[in-house]
Every structure is written in structure tokens, then in C-alpha cells.
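Trainee: Could we go through this structure together before I write up my notes?
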Amino acid sequence: MKDKSSTKLSDKIKSCLYELDFHEMDEISENDSLKLITGVQDDALSVLMEIDCQLKTNAVNLRLIPSLEFKSSDMLAFYQLINTLNGTLMDIGHFSINESDKGFLLQTSIDYSAGIFDREQMIESIKRIVQQGLEGFKLLMEMLNGDQCPYQMLASYMTEMRENLQQDEKIIH
Amino acid sequence: MDLNQARILIAQMQACFKEIGVPFVNESEILNQANCTDTIMFRSWQSKNDHLAEIVTSLFIEPNVVEVSINYREEIDRLNESDLEKLFHLLNAFNNWDAAFYWLLLPRDNKLKFRWANLLPARHFSDNQFKSVLKRFLNQGPQHYSYIRRLIYNNEDPDRLFSKMQAEY
């Protein structure tokens with residue numbers, strides 16, 4: 001049976017997802033959580049988005065899991081890459097490696113223990129995490145499939161991002 | 001958010017630190033710098049399990065992000081590749097397990113950073129919400145760090161350490 005508070009919270013999150021044009025989603029109820037699962041489709045990537053409403057802690061965990069798999073046995077290189085990506089990104093989410101299925105994960109969490117739901121914060125957080133996820137996972141995909149040095153790719157990606165940012169600022173000003 | 005709103009918010013955050021018994025040391029502002037977003041930050045410290053750590057709370061004005069981090073000094077550069085991989089393995093396990101907080105290794109600075117960041121609420125900053133996250137963050141950081149030290153100094157197995165940490169919950 002679903003807990004009332006989780007149902008309420010999940011309804012609010014569903015409404016945020018509808019506003020962001022996510023209309024199809026699955027709902028999975030577990031002991032201490034209620035999960036909303038939907039997908040993000042991009043040109044080359046399909047990403048699973050899981051929004052997990054935790055009943056015990058009143059936290060909402062946003063997770064993005066891409067359809068990406070790595071085969072390399074050089075785990076140190078992957079750890080360093082993810083660490084560099086997290087250190088460079090420094091925003092609201094963090095990447096990690098799921099070693100059991102050789103996949104990646106981007107996640108963040110929003111605390112609602114005080115019972116105050118901020119719709120705009122949730123919508124903006126979903127938008128940000130999706131954008132970061134798509135950019136980060138695409139970069140990882142290029143690194144996995146390309147023959148260029150991963151660090152060089154990361155460096156050129158950061159330069160490109162900085163240039164885009166500066167251009168955006170020029171447009172704003 | 002404008003600068004005045006940010007200053008009010010940072011004062012509210014400092015009050016939260018005070019309420020939960022964590023002192024704050026100094027406040028600084030980084031404004032109008034090239035290639036750097038306007039930021040207000042304050043430093044505090046935590047002494048737990050005989051380890052002193054610096055805590056930095058930053059409010060990034062334009063992206064509307066609040067960040068709290070605990071910085072631990074550790075001689076990472078003395079680790080060989082195999083030990084470094086084990087350390088990353090444990091940190092990755094922590095980072096996979098928790099959606100809210102994560103560990104970063106800064107080898108050049110010989111630092112380990114435990115970090116939390118969220119978008120600021122658009123309408124109302126809740127002291128209780130911030131304190132709830134802060135308490136959990138300030139407990140979890142030192143707890144994880146004690147396992148990290150067991151790996152670095154006692155050469156304990158990262159998977160076993162992670163299982164022990166999970167068993168505490």
C-alpha cells in the first residue's frame with residue numbers, strides 16, 4: 001500500500017515531469033520508497049531517469065542511468081576520469097561507476113524533511129541534471145569509442161563549454 | 001538572486017551552523033572576477049575522531065547553487081597505483097551508494113573533498129531543511145573518512161570496509 005505522504009510528493013513530482021514534457025512513466029512502490037521511472041532520448045543515447053521518493057528520509061533522489069557500458073579492465077583510468085569529470089562539473093550532481101554492470105550513473109538528491117516542496121527548485125534540478133547527464137554521458141561515450149586521449153577530450157570539452165558560456169554571457173549583456 | 005539576497009541567505013546559513021554547534025571562522029566574497037562566478041563563502045572547522053577538517057560553505061550567486069564541503073588533508077601523492085586504485089574503488093562505492101553527498105580526490109592539492117551541492121529554493125530558504133542536510137553531511141563525512149584512513153594506513157580491503165560502513169545503517 002502506498003504511503004499518503006509519498007503519494008502526495010510523487011504527485012507533485014509527476015506534475016513537474018509533465019511540465020517538462022515527460023508524459024510516460026512507470027511507478028514502482030517499494031518498502032521505503034516510491035520510484036517514478038521515465039526515459040530521456042537523445043540522438044545517440046537513451047537514458048533512464050529514476051526519481052526515487054524516500055519515505056524514511058524524505059529525500060528525493062534523481063538518478064540518470066545511460067545505456068552505456070564499458071569493457072576496459074583499466075579501472076584506475078575510469079576512476080580518474082570520473083573524478084576529473086566531477087571535479088570539473090562541480091554542480092548539483094555527481095557521476096559514479098556501477099561496477100556490477102559496468103555502467104555509469106549521475107545522481108543528486110533534494111531534501112524535503114522540513115515538508116516544504118519547492119516546485120521551481122524541483123523543475124530546475126531535473127532540467128539541470130538531465131542536461132549535465134546528456135553532456136557528461138556523451139563525452140564518456142566519445143571517450144569509450146574514440147581513439148583520442150580521454151584527458152585531451154575532456155580538456156577540449158571544457159574549453160568548448162567555457163566558450164559557449166562566454167558567448168551566452170555576451171548575448172545576455 | 002542578487003547580492004543582497006545572497007548576503008541574507010549566507011547569514012541564515014551561518015546561524016544554522018551556530019545552532020548545531022559548528023563554529024564559523026571567516027567570511028569572504030569573490031565578486032566581479034573574470035572567469036569566476038560571484039561567490040560568498042564562509043569557513044568553519046570540525047574536529048572529530050582526532051581529525052581536524054576545514055568546512056567551506058559557498059553560495060554561487062548566478063547559478064543559484066549552495067555548496068558545503070569538508071576538506072581533509074591526506075598525502076595522496078605517496079600512494080602507489082595499486083593503492084590509489086583501491087582508494088578510488090572505495091570512494092566510488094560511497095559515491096554510488098549516496099545520491100546526496102560525494103567524495104572527490106584532489107591529488108595535486110593532497111586533499112580529499114566531501115561535497116554536497118543543491119540548487120537554492122526559488123521561494124523560501126528553510127532553516128530546518130538546511131540543518132537536516134547539514135547534520136547528516138557533517139556526520140557522514142567523518143564516518144566515511146575513518147574508513148578511508150583504514151584503507152590508506154591499514155591497507156584494509158575496500159569492499160569489506162564498504163560493507164562495514166553499510167552495516168552501520
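Predicted model: local features only at pLDDT ≥ 70, side-chain atom pairs only at ≥ 80, totals over all residues.

Trainee: Okay, what's the strand order in the open sheet of chain B?
Mentor: The open sheet has six strands in the order β1-β2-β3-β4-β6-β5, and the pairing is antiparallel. β1 (24-30) and β5 (101-106) of chain B stand at the edges with a single partner strand each, so one side of each has no neighbour in the sheet. On average, neighbouring strands of this sheet are turned by 25° against each other, direction ignored.

Trainee: And how many bridges hold β5(B) and β6(B) together?
Mentor: β5(B) pairs with β6 (residues 111-119) of chain B over six bridges, in the antiparallel sense, and B:Leu105 is found opposite B:Leu112 of β6(B).

Trainee: Which strands does α1(B) touch?
Mentor: α1(B) packs on the sheet through contacts with β1, β2 (39-48) and β3 (51-60) of chain B, and its direction makes about 10° with that of β2(B). α3(B), for its part, lies across β2, β3, β4 (65-73), β5 and β6 of chain B and runs at about 155° to β6(B).

Trainee: What about the two helices, at what angle do α1(B) and α3(B) pack?
Mentor: α1 (residues 3-19) and α3 (residues 127-154) of chain B pack at an angle of about 55°, with 10 Å between their axes. The two helices are therefore oblique to each other, and their crossing is right-handed.

Trainee: Which residues meet there?
Mentor: From α1(B) there are B:Gln12, B:Met13, B:Cys16 and B:Glu19, which meet B:Asp127, B:Phe130, B:Lys131 and B:Leu134 of α3(B). By class, the residues of this contact are four nonpolar, one polar and three charged.

Trainee: Switching topic, how many residues does each chain put into the contact between A and B?
Mentor: Chain A gives 29 residues and chain B gives 26 residues. On the side of chain A, at least two residues come from each of β4 (59-66), α2 (75-89), β5, β6 and α3 (119-145), and that side has ten nonpolar, 13 polar and six charged residues.

Trainee: So is β5 of chain A buried or exposed?
Mentor: Four of the five residues of β5(A) (residues 94-98) are buried, so the strand is largely enclosed by the rest of the structure. β5(A) pairs with β6 (residues 103-111) of chain A in the antiparallel sense over five bridges, with A:Ser96 opposite A:Leu105.

Trainee: Which residue in that hairpin has a positive phi?
Mentor: A:Lys102 does, with a phi near 50°, in a hairpin that has four residues between β5(A) and β6(A).

Notes
Residues numbered from 1 in each chain as written. Chains lettered and ligands numbered in written order. Buried ≥ 20, exposed ≤ 12 C-beta atoms within 10 Å, placed from the backbone. Pairing = 2+ DSSP bridges. Axes fitted to C-alpha atoms, helices over the stretch in contact; angles between N-to-C directions. Parallel < 35°, antiparallel > 145°, perpendicular 65-115°, else oblique. Left-handed = near helix turned anticlockwise from the far one by under 90°. Contact = placed C-beta atoms within 7 Å. Nonpolar A, V, L, I, M, F, W, Y, C, P; charged D, E, K, R; others polar.
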